Amino acid sequence: MIQISKDIVKAKEILENENLVAIPTETVYGLAGNIYSEKAINKIFKTKNRPFNNPLIVHIHSKELLENIAQEIPEKAKKLAEAFWPGSLTLVLNKKETIPYSITAGKETVAVRVPNHPLTLELLKQLDFPLAAPSANPFGSISPTTSQHVADYFTDTLEMVLDGGNCENGIESTIVGFENEKAILYRLGSISVEDIESIIGPIQIVNKNDSSPNAPGMLSRHYAPKTKTILSENIEYEIKNYPTSKIGVLSFKDLNINDENIEKEILSIKGSLKEATSNLYAAMHRLDKKGLDLIIAEKFPENDLGKSINDRLERATKK
């Protein structure tokens, strides 16, 4: 039976024994293991049922440790790390020889970040190794933003969730890599494109690759509820196409819809994209548990964090 606990000593012991612990971050909960243990890394892939061609993110406790993980670090990467670490930015960089290929999906690049959560930072400081930690959910499912989400997924297959409360930012990190010194955005995330560009200038977005992804989150279908989900620019109109269905509505602000067959999840009463991002996955989890016929998600404004929310919803609704 899975244990939900704040006990860092216990988490450290499990990780040192080459087993897995779900850890809190400011983005989502991660399924963590020692990056230098093939046993632990294989467990991550097996527990998640994750394809081996999908690389993992290495988590370290300070930017000073980056040189242990990566080499030939571009100036733009250093500027981004200075601006956003600890935080929701992952950098894809040329790996050191000591980084196992099992972490990088056979590539010469490694994804790395410094998470911004006090409990996990303290755990990382107490360990002699960094942690690989993809989201703590079965591959393709809705990412977890509470310890209970993790426990619901892995009741019998995971020993412990380190309980750090609700994840503040609510969706995964933004991922930036470099090709011939040119910055490329591989995954939209908790830091907006506009915020990235304010530090390093214009960035190219290349965030879809099903065959050989350079970073996590690039596959077409991902973050998906079990309930059939569609994306719409006009929810009130869309509802009319399903007159006898029990429908879940996922909307930015409140909609004037009153129907006993409709369950509403409003992501931000005050219309804040940051608040909506923080609430997104938790709302999707709640709707997915209600036995609905259909979830209709509202398309968000295509600016700032709205781009990141739309990215998640488009992948969740792709067949």
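User: What volume does the largest cavity have?

Analyst: Rolling a probe the size of a water molecule over the atoms shows where empty space is left. This is a predicted model, and its largest cavity has a volume of about 220 Å³.

User: Which residues lie nearest the centre of the largest cavity?

Analyst: A133, P134, S135, E172 and R187 do, out of 22 residues in the lining. By class, the lining of this cavity comprises ten polar, seven nonpolar and five charged residues.

User: Now the open spaces. What is the volume of the largest pocket, and which residues line it?

Analyst: The volume of the largest pocket is about 220 Å³. Its lining is made up of S141, I142, H149, D152, Y153, A224, P225, K226, H285, D288 and K289. Sorted by class, four of these are charged, four nonpolar and three polar.

User: How do I read the packing of the nonpolar residues?

Analyst: In soluble globular proteins, nonpolar side chains tend to be buried together. Here the largest nonpolar core has 49 residues, and those touching the most other members are L80, L89, L91, L93, I103, V176 and I196. There is also a second, separate core of 22 residues, with I171, L250, A283 and M284 among them.

User: Which residues does L89 touch, leaving out those up to four places away in sequence?

Analyst: L89 touches L80, A81, F84, V112, R113, S173, T174, V176, I191 and I196.

User: Let us end with a single residue. Where is S268, and is S268 buried or exposed?

Analyst: S268 sits in the loop between β15, at 262-266, and α10. Buried means under 20% relative accessible area. S268 has a relative accessible area of 1%, so S268 is buried.

User: What is S268 in contact with, and what lies 2.8 Å from a polar atom of its side chain?

Analyst: Apart from neighbours within four places in sequence, S268 is in contact with F252, K253, E275 and A276. The backbone nitrogen of S272 lies 2.8 Å from a polar atom of the S268 side chain.

Terms used:
Residues are numbered from 1 along each chain as its sequence is written. This is a predicted model: local features need pLDDT of at least 70, side-chain atom pairs count only at pLDDT 80 or more; totals for chains, interfaces and linings use all residues. Side-chain values use heavy atoms; hydrogens and water are left out. A nonpolar core is a set of buried Ala, Val, Leu, Ile, Met, Phe, Trp, Tyr and Cys residues joined through side-chain atoms within 4.5 Å. Buried means under 20% relative accessible area, exposed over 50%, partly exposed in between (1.4 Å probe, protein chains only). Contact means heavy atoms within 4.5 Å. On a 1 Å grid over the protein atoms alone, a cavity is a set of points where a 1.4 Å probe fits but cannot get out, and a pocket is an open set with protein on both sides within 12 Å along at least five of seven lines; lining residues have an atom within 4 Å of a point. Grid points are joined across faces, edges and corners, and a volume is the space filled by probe spheres set on the points. Ala, Val, Leu, Ile, Met, Phe, Trp, Tyr, Cys and Pro count as nonpolar, Asp, Glu, Lys and Arg as charged, and the others, Gly among them, as polar. Helices (H or I, at least four residues) and strands (E, at least two) are DSSP runs, numbered from the N terminus. A polar contact is a pair of N or O atoms within 3.5 Å; within protein, one must be able to donate a hydrogen and the other to accept it, and residues adjacent in sequence count only if both atoms are side-chain atoms.
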